[in-house]
Amino acid sequence: MILQLINGTVEFGEFLHQKGKKFTNFEEIRQEIEAETDRITGSNKGISNIPINLRVYSPHVLNLTLIDLPGLTKVPIGDQPADIENQIKGMIFQFIRKETCLILAVTPANTDLANSDALKLAKEVDPQGVRTIGVITKLDLMDEGTDARDILENKLLPLRRGYIGVVNRSQKDIEGRKDIHAALAAERKFFLSHPSYRHIADRLGTPYLQKVLNQQLTNHIRDTLPALRDRLQKQMLTLEKDVDQYKHFRPDDPSIKTKAMLQMIQQLQSDFERTIEGSGSALVNTNELSGGAKINRIFHERLRFEIVKMSCDEKELRREISFAIRNIHGIRVGLFTPDMAFEAIVKKQISQLKEPILKCVDLTVLELSNVVRICTDKVGMLGAQSKTENAVKTGTRNLGSQVIRKGHMCIQNLGIMKGGSRPYWFVLTSESISWFKDEDEKEKKFMLPLDGLKLRDIEQGFMSRRHTFGLFNPDGRNVYKVSMD
């Protein structure tokens, strides 16, 4: 429940869900809180993160009459079902993580204070105990011969703001509608008559808790308000600056273009890093491995597999080592294995790794290029460039001039052109793929428009020197495989 205390000439309460209706009787306020709780959560002890908002107007806000709110049967978090427990923790952390929030950690005295759920949660977000106020309840229900004197004197589990002890009405008192003033009198009598508490009775009880909370909340607001005011003023100045800038916005302004380009570059960098590092983004591919995951697979699976496949004849290797040592010694008889023999054998073994490693590097470079292309498409650099140019000149730049790849290739689907499978020089752009007679690109043999088509790389054998990619419609029709030498 969010309780707002507001200065007013008359004392009354008002709920946001019943705006305009004034509650002058606090018994009616209590009943409405119960009714609204049941409306939102049901009558089966359900919970909700939707707050009940109550505004109380009074000419004496800091000395406000104590509101007799409904008594709730409190169950420790650990005794709740797992899903309810997580909901409760989530609701609590939503507030207590904020540095400007004071934490009221309430713990019953008839439980193990060292394992208090409230104090544990408070310690997670306030390890130094600077923002936490401890409240110990049910002091009258402790076992005979025990007391909470050490913790109330802040000697055990100390907090910067200390602890305050209170005695609540029992569930029987609540159900019997015991008058709150009678309950306060009984609480006062308990502390004055108890041998462990009477020396600190003036610093215990509900009225003292009310006074301390008023003082500490007022001081806390006074301390945090300047920083909050400064932050709001800075935000307001920033917004005013943006508003003023957009009042005089001109699409062809060079400074606007530069700023937009820098923002797109920063976005491209961020998307590229997330795709490689795998921190998750809107670019996540759910159909196949890509980005950092694919590079990881290349190095840790495919390269390892090729190395394991490499045959090593130990008998032949020993024979080569023997010949190498004897040839290097010549007519001499050596006691030690010469370094040159070791280097010769090792170089020969390492040379076998050259081909799979180079292929590994090629695949990695290819995947990095794909990541850049995908991130560029997402940021919309090509589209932004086209729109910018359209704003300053007539005519539209042909995006077909944006070359994606060039190289020799052969076509597996021979139905789209004549001439067999002999290699041609091809040029792939963002709008079409064209075949030429040679690398001079003077004589065009064929051009395939890419309207609505997409590009996807197709994995080949690890040791294959060809790169294959597919052109396809999103619905899977008209698939063309292209192999590049």
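In this predicted model, a search of the whole structure for aromatic pairs returns five. One of them joins Phe12 and Tyr57: the ring centres are 4.7 Å apart and the planes meet at 15 degrees, so this pair is stacked. Phe12 belongs to strand β2 (residues 12-15) and Tyr57 to strand β3 (residues 53-58), so the pair ties together parts of the chain that are 45 residues apart in sequence. Phe12 is buried, with a relative accessible area of 12%. Tyr57 counts as buried too, at 18% relative accessibility.

A further aromatic pair is made by Phe191 and Tyr197, and its geometry is edge-to-face, with 6.1 Å from centre to centre and 75 degrees between the planes. Both Phe191 and Tyr197 are buried. These two residues, together with Phe190, form one aromatic cluster.

Phe12 also has a charged neighbour: Lys22 lies over the face of the Phe12 ring, at 4.8 Å from the ring centre.

The cysteines come next. A disulfide is a covalent bond between the sulfur atoms of two cysteines. The count of disulfides in this model is zero. Among the buried residues are Cys360, at 1% relative accessibility, and Cys375, also at 1%.

Thr376 is located in helix α12 (residues 354-379).

The relative accessibilities given for single residues are collected here.

| Residue | Relative accessibility |
|---|---|
| Phe12 | 12% |
| Tyr57 | 18% |
| Cys360 | 1% |
| Cys375 | 1% |

Some values describe the whole chain. Its secondary structure consists of 13 helices and 13 strands. The chain has 485 residues, and 31% of them count as buried. Among contacts in the chain with a separation of 6 or more, 58% are between residues 24 or more positions apart. The accessible surface of the chain is about 31,800 Å², and carbon and sulfur atoms account for 54% of that area.

How values were computed
Residues are numbered from 1 along each chain as its sequence is written. This is a predicted model: local features need pLDDT of at least 70, side-chain atom pairs count only at pLDDT 80 or more; totals for chains, interfaces and linings use all residues. Side-chain values use heavy atoms; hydrogens and water are left out. Rings of Phe, Tyr and Trp (its six-membered ring) pair if their centres lie within 6.5 Å; planes under 30 degrees apart count as stacked, over 60 as edge-to-face and the rest as tilted. Helices (H or I, at least four residues) and strands (E, at least two) are DSSP runs, numbered from the N terminus. Buried means under 20% relative accessible area, exposed over 50%, partly exposed in between (1.4 Å probe, protein chains only). A charge sits over a ring if NZ of Lys or CZ of Arg is within 6 Å of the ring centre and within 35 degrees of the ring normal. A disulfide is a pair of cysteine sulfur atoms within 2.5 Å. Contact means heavy atoms within 4.5 Å. Accessible areas come from the Shrake-Rupley method with a 1.4 Å probe; for residues, only the protein chains shown count as cover.
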